[in-house]
Every structure is written in C-alpha cells, then in structure tokens.
Amino acid sequence: KSSRSSLVFNQATMQSIGRRLWQRCSCRQLSSSSSGRGKVEELSPAKAGSLAHQLREKLNNTKNCNESSLSLSTLLSHAGLSSSNGNSNAPLSPPIDLATTYERPADGNYGEGGLIYSRSCNPTRKLLQDAIGQLEVVSHGQIIAPTFAFSSGMAAVASLLLAQKSPVKVLVPEDIYHGVPTQLHVCLNDHGIVHESVDMTNTYDIRQTIERHIDSKSNGHDGALVVWMETPSNPLCQVTDIQSICDLVNDVRCQHQNANIITVVDSTWAPPVITRPLLLGADAVLHSGTKYLGGHSDILAGSVSSKSPEFCHGIAKVQKLITAPLNPMDSYLLMRGIRTLDVRMQRHGENALQVAKMLDEHPLVASTFYPGLENHPDNTGGDECLVAQAFRSGRDSPEDASFMPQTYGGMIAFIVAGEGDVALERAKKVCEGLRVVNLAVSLGSVESLVEHPASMTHAMIPREDRLAGGLDDGLIRISVGIERASDLVQDLKQSLDRVMEEERAERAA
C-alpha cells in the first residue's frame, strides 16, 4: 500500500533486510489461509519494526562467528560502537560517561560487570580498550586481546614494567624513542629496574645477551627480563624481525623452563593496519595513542594489549592501584581517531613514499631512511623480505594489494650533508625554512611535523653520546601528514634549495 500509516510486511523480504541492515523500509508478511492460499496481512509500523527487531536479534546471535570475517578497515570504522551488541537503539557515537562513582545496589550485589568506581572501570574507557584489543587479533581465532588504556604512552611504559616481577632488566634497542631509556635511567632505575642496549637487528647478539642474563641468575632470583622491540625504530627507521626474536625467546624458554622472559613491541610507528605484533608472537604490544591512533594532536594516551592472562593480571593491578587510567573524554577522542585510522595511514604512507623519493635524490641530503625505499637495507625485494613481512602483518589477506597499495608508514629520517657545525646549521635552516610542514616535536598527526633532534629533543645530551646513538648533527625526522603530497614535496624541496642557494651566494660574495 502507498499509505504512510500502514506498511506491508513480507517475512522473507524482512529476513533479507535484516541481513542487509534495513536496506529498504517496505514490509510484507504472508500468512496461509485455511484453503492454503497466501494473503497479505497489513501491519502497523510498530509491529513491523518489532518483527524486524526479532530477526536482527537472531542475526546478532551469530555475531561472534561472523565478525571474525570482517575486514580490519570495517572494524576500525565501527570502533566503539555498540549497535551490534543486541541494542537496536544504540548511539552511533560512543557515549562519554563522566561519572567517578556509581550507586550501590540495596542488596550490595553489583552483579557481573557492575560499576563501582571509575578508576577500576569506566564504560567509555572499556569501549576503547575492547576496540583496540579487537584490532590487534581479530580474524585470527580470538575476538579481543585484553587491553589497558593509560593517560599517556609513557604511563603505559612505566605500568608495563612495574607489573613485572622484580628485579627487572630491560633489553632496549640501540635506536629507540629517547623517552624510554630516559624514563628507565632517571626514574625506574631508582626502583631496581635496569636496562641494557642491544642491536635488535642482530638475533645472534640478542641470544647471547639473553643467555648471559640467564647465567647471571644462578643465585636463584626469578626476576623478569623484558625484551623491548620498536619497529620501525625511532628515528632511523630500522626494521626489527619481531617473529624471529619471539621465536628465539620461545626457544630459550624451552631450554630454561624457569626463565621469566617477556617480549614487548612498541608499535607506535606501526599501528594495527600496518603491523600486529601479537600475531607475530609478541607477549605484549604497546602504543602511544597520542600519535597515530589518536591522529589529531589533541590527546595524551597510551595502551598495552596482551593475550597472556598472567601478564594481563599484573598490569590490571598496576592500572587500578598505581598509575593513571585514561579519562573518559580522551577515551572518546581516541576512539574517534581510531575510526579513521585506516584511511589516514594509507594517505600517510602514500605521501611519505613521495617525500622520501625526493629527499633521496636531493643533493643536500646525504642519507634517507624510509622502509619503502628500495635502498633501505631491509627492503631486499620480494614478498619474503623483512620489510614486506613486517608491514604486511596488518593486512587481512594478500588480495588487499589489488585495491590498497602496500604502504610503509609515515615516518622518515634524513641526514643533511656536511660535517659537525656545518650540518647542524644547515639542518636548522632547513627546518626553519618550511612553510607547510610544522616545526614541532611529536608525530602521527594529520598535519606534517618536522624536528631536528640535535637542537631540540636531544640538545642537552653531550654530542659524543648523541653521535654514538646514531643521531648525527644533520639528522632531521619528518612525520608526514595527510596534506597534498605535492605540497609537502615542494615545501621541503624549496627549503633545501634555499639553503644551497644562500651558501652559493655567500661563496660568491
């Protein structure tokens, strides 16, 4: 019927509609008469809606089975939404629950999942944690990896380490985000957490270091050894073979049954659409949500995910009793950022490759570090090279390449040509001459950022120590944003060209 006050309902049609999530609003229901001939039964919109809801409930019963087949892109765009949890009137934006405390039931029984105090559990934070945990392992037999959200990436680092049994030793890469060894040296060392640097690209050195640690434990203590990986590394874009190192650690565990070794990957530079470390064998994965997960330079956040019940039990205690869990507003903002992560990372990677190619050919640039370049030491070509394997683990299937070109993240480092103060001053001028790219610390946002470690984040570190860590005087790090690639290429090129032209003018004078 054409009347708006009455819809016609067909059960078979509505089943199709339920599967397609209400594609149409025309409804019919057939019922059999005593003579066996079908007739149309007119239903009110309310009755038709009720029947449709019943059908959708049946579909939701198979949610866990069907959801594992959804692509990561789709899951990202639905992060934090609860409409598939049986609620037919759920909000399509995650609600922000600001309450710190909740009323106690009269009988004192909060029930399973009951809320008491927001430091223990907050509904908005739980939506975020479940969303991140799902992204780390979905479509591989486990629906959610338990995840814990913190007030910053550094809070996540400290929480993870404080959750380990003392005495704790951390093996960190030689090339690593400077905040981690700084926290270890300045703060955690006073609490018995020590660290040692190792070349994480050399599995032989890693094994030797682990074996020495086990031999030194002959006095009987069973403290934890944390093998800390970061890939790509900050800032030199070294690619760590996560799977090989995790296999190595598992082999050592088999030989030494009492060895308490934890493998952790800081995957801030490579969020789940690029790399999923838990699927490569890591015990835990950490993100600074401030960076790519949030993506808009407007929150501080950190997360830790793991499939190990023992590990999760320890870090849950630390989150609740010691460190600051993420607040509801930032949890909401982080979920909003995650919902666009797939398209942002694709654009970050496409732009970064064009920028890296220009830098690699510019006469003022001595070296360029980007995994997508053919001259990257780990990009030896083919599907089996380390770069391809590392960046492919975030894909759902090899067929994705047919419509979604492989990208390698948005982070680039390059060294301006010259020695000592010459390179230092050149690099500073290049950064100061940019008009589109912003001169600022941090990374992973929609806007492009550039920093010169020698005059910014590492200015207080003695030059000899900085150089020993691979941070040359002329090193510049770029977080490539989602602007038009040609604008970024032109901005960097004109700044590099200007420095060369000024030097030519000075020589001519």
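**Group meeting: a walk through a predicted model**

What we have here is a predicted model, in which local features need pLDDT of at least 70 and side-chain atom pairs count only at pLDDT 80 or more, while totals for chains, interfaces and linings use all residues. Residues are numbered from 1 along each chain as its sequence is written, and side-chain values use heavy atoms, with hydrogens and water left out.

To stay with the rings for a moment, the count comes to one aromatic pair, under a rule that pairs rings of Phe, Tyr and Trp (its six-membered ring) if their centres lie within 6.5 Å, with planes under 30 degrees apart called stacked, over 60 edge-to-face, and the rest tilted. That pair is Phe-391 with Tyr-408, which is edge-to-face, at 5.4 Å centre to centre and with 70° between the planes. Phe-391 belongs to helix H13 and Tyr-408 to the loop between H13 and strand E13 (411–416), so the pair ties together parts that are 17 residues apart in sequence.

Helix H13 (residues 386–392) also carries Gln-389, and Gln-389 is partly exposed, at a relative accessible area of 31%. If residues up to four places away in sequence are set aside, Gln-389 touches Asp-383 and Glu-384, a contact being heavy atoms within 4.5 Å. The C-alpha atom of Gln-389 is separated by 9.5 Å from that of Gln-243, although the two residues are 146 apart along the chain.

The mean pLDDT is 86, and 83% of the residues reach 70 or more, pLDDT being the predictor's confidence in each residue, from 0 to 100. Over residues 1–15 the pLDDT stays under 50, and for that stretch the model has 34 contacts beyond four places in sequence. Over residues 17–37 the pLDDT is likewise below 50, and this stretch has 41 contacts in the model beyond near neighbours in sequence.

The protein has 16 helices and 16 strands, where helices (H or I, at least four residues) and strands (E, at least two) are DSSP runs numbered from the N terminus. Of its 509 residues, 49% count as buried, and among contacts between residues at least 6 apart in sequence, 68% join residues at least 24 apart. The accessible surface comes to about 24200 Å², of which 50% belongs to carbon and sulfur atoms; accessible areas come from the Shrake-Rupley method with a 1.4 Å probe, and for residues only the protein chains shown count as cover.

Which residues does Ser-303 touch, not counting those up to four places away in sequence? Its contacts include Ile-132, Thr-147, Phe-148, Val-285 and His-287. Ser-303 lies in strand E11 (residues 302–306) and counts as buried, at 1% relative accessibility.

Let me turn to charges. Side chains of opposite charge can pair when their charged atoms come close. The structure holds twelve salt bridges, each being a side-chain nitrogen of Lys or Arg within 4 Å of a carboxyl oxygen of Asp or Glu. In one of them, the side chains of Lys-126 and Asp-130 meet at 2.8 Å, N to O, and both residues lie in helix H5, four residues apart, which is about one turn of the helix. Lys-126 is partly exposed at 42% relative accessibility, and Asp-130 is partly exposed at 26%.

Arg-207 forms a salt bridge with Glu-211, their closest N and O atoms being 3.8 Å apart; because these residues are four apart in helix H8 (residues 203–216), about one helical turn separates them. Here Arg-207 is partly exposed, with a relative accessible area of 23%, whereas Glu-211 is buried, at 18%.

Glu-451 forms a salt bridge with Arg-477, the closest N and O atoms being 3.3 Å apart. This pair links distant parts of the chain, with Glu-451 in strand E15 (residues 449–451) and Arg-477 in strand E16 (residues 475–479), 26 residues apart, and both Glu-451 and Arg-477 are buried. Elsewhere, salt bridges that share partners join Lys-169, Glu-196 and Arg-212 into one network.

Technical notes: Buried < 20%, exposed > 50% of the residue type's maximum accessible area, 1.4 Å probe, protein only.
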